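Here is a short briefing to read with the model open beside you. Please have the sequence at hand too, and follow the points in any order you like.

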Amino acid sequence: PERIAIVARDLRPYGEYLQAIFRRYRIPLCLSHRPALRAAPAARLALDILNAPLEDYRRETLKRLLFAAGEKAGALLLADCGYIDRKTASLADCIARRRREISADLAASAADSEQHQRLSRTLASIDRSAATLERMIGAVAALETPATVAEHVQRLGEAIGRLGLEPVGDSLASASAFGYGAFRTALDGLA
């Protein structure tokens with residue numbers, strides 16, 4: 001009974017026909033409806049990591065990576081500083097410009113201690129987020145240079161590890177880790 005395999009992108013449209021035919025010939029049939037691996041958050045994350053350099057580090061791709069790493073402040077900074085992608089303006093230039101704006105507001109707010117404290121916290125948040133973005137882009141930048149498939153697979157695995165995106169401990173049971181085991185097995189098989 002486990003010697004016949006029917007492979008299709010989606011078996012649902014064929015399900016009734018297959019059941020009728022298999023029933024007619026008295027062949028046991030088990031239609032397994034597992035979601036595609038690319039539907040798993042781990043696979044979408046890997047695609048974002050791979051696409052980031054190819055798409056010149058587009059803001060939306062970087063935001064998804066930052067949210068996946070739990071770095072909401074970094075994701076908010078991308079929009080706040082006006083960053084779009086590497087071709088439009090460098091991330092460092094956008095952050096430096098936003099930092100200068102906040103610093104000027106900070107200097108002007110010396111009399112208002114509440115606003116001064118708020119702007120000081122904003123400036124500290126920008127600095128933390130900039131460091132996170134620099135670390136993230138550094139981890140992904142290794143995928144920019146030409147390499148063999150095996151080397152790219154290894155670099156992808158390293159980038160996932162450096163970004164701290166591998167599920168650990170109890171998170172393996174969470175929805176965000178769905179498919180990670182299968183994805184990691186596929187990566188290891190390619191390497």
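## Briefing on the helical model

Just after H4, glycine 82 takes a positive phi of about 85 degrees. This is a predicted model, in which local features need pLDDT of at least 70 and side-chain atom pairs count only at pLDDT 80 or more, while totals for chains, interfaces and linings use all residues. Residues are numbered from 1 along each chain as its sequence is written, and side-chain values use heavy atoms, with hydrogens and water left out.

**Overall layout**

- The protein has eight helices and zero strands; helices (H or I, at least four residues) and strands (E, at least two) are DSSP runs, numbered from the N terminus.
- Read from the N terminus, the order of elements is α-α-α-α-α-α-α-α.
- Of the 191 residues, 30% count as buried; buried means under 20% relative accessible area, exposed over 50%, and partly exposed in between (1.4 Å probe, protein chains only).
- Taking contacts with a separation of 6 or more, 53% are between residues 24 or more positions apart; contact means heavy atoms within 4.5 Å.

- Helix H4 spans residues 72-80, and its buried residues are Gly74, Ala75, Leu77 and Leu78.
- These residues sit on the same side of H4, because they cover an arc of only 155 degrees around the axis; the arc is that of the directions from the helix axis to the C-beta atoms.
- Lys72 and Leu76, on the other side of H4, are exposed.
- What do the buried residues of H4 pack against? Their partners are helix H3 (59-68), H5 and H6.

**H5 against H6**

- Helix H5 (residues 91-108) packs with helix H6 (residues 113-141) at an angle of about 170 degrees, and their axes are 9 Å apart.
- Axes are lines fitted to C-alpha atoms, for helices over the stretch in contact, and angles run from 0 to 180 degrees between N-to-C directions.
- H5 and H6 are therefore roughly antiparallel to each other (angles under 35 degrees count as roughly parallel, over 145 as roughly antiparallel, 65 to 115 as roughly perpendicular and the rest as oblique).
- On the H5 side, the contact includes Leu91, Ile95, Arg98, Ile102 and Leu106, while H6 contributes residues including His116, Leu119, Leu123, Ile126, Ala130, Leu133 and Ile137.
- By class, the residues of the contact of H5 with H6 are 10 nonpolar, four polar and four charged; Ala, Val, Leu, Ile, Met, Phe, Trp, Tyr, Cys and Pro count as nonpolar, Asp, Glu, Lys and Arg as charged, and the others, Gly among them, as polar.

**Salt bridges**

- How many salt bridges does a search of the whole structure find? The search finds 11, a salt bridge being a side-chain nitrogen of Lys or Arg within 4 Å of a carboxyl oxygen of Asp or Glu.
- Arginine 98 pairs with aspartate 80, with the closest N and O atoms 2.9 Å apart.
- That pair links distant parts of the chain, as arginine 98 is in helix H5 and aspartate 80 in helix H4, 18 residues apart.
- Arginine 98 is buried at a relative accessible area of 18%, whereas aspartate 80 is partly exposed at 42%.
- Glutamate 144 and arginine 86 meet through their side chains in a salt bridge (3.4 Å, N to O).
- Glutamate 144 lies in the loop between H6 and helix H7 (149-162) and arginine 86 in the loop between H4 and H5, so this pair ties together parts that are 58 residues apart in sequence.
- Glutamate 144 is partly exposed at 37% relative accessibility, and arginine 86 is partly exposed at 38%.

**Loop residues with positive phi**

- Aspartate 56 sits in the loop between helix H2 (41-54) and H3, and its phi is near 55 degrees, a positive value in a residue other than glycine.
- Is aspartate 56 buried or exposed? Aspartate 56 is buried, with a relative accessible area of 16%.
- Beyond its neighbours within four places in sequence, aspartate 56 is in contact with Tyr83, Asp85, Arg86 and Lys87.
- Arginine 26 is not a glycine either, yet has a positive phi of about 55 degrees.
- Arginine 26 is placed in the loop between helix H1 (15-24) and H2, and is exposed, with a relative accessible area of 77%.
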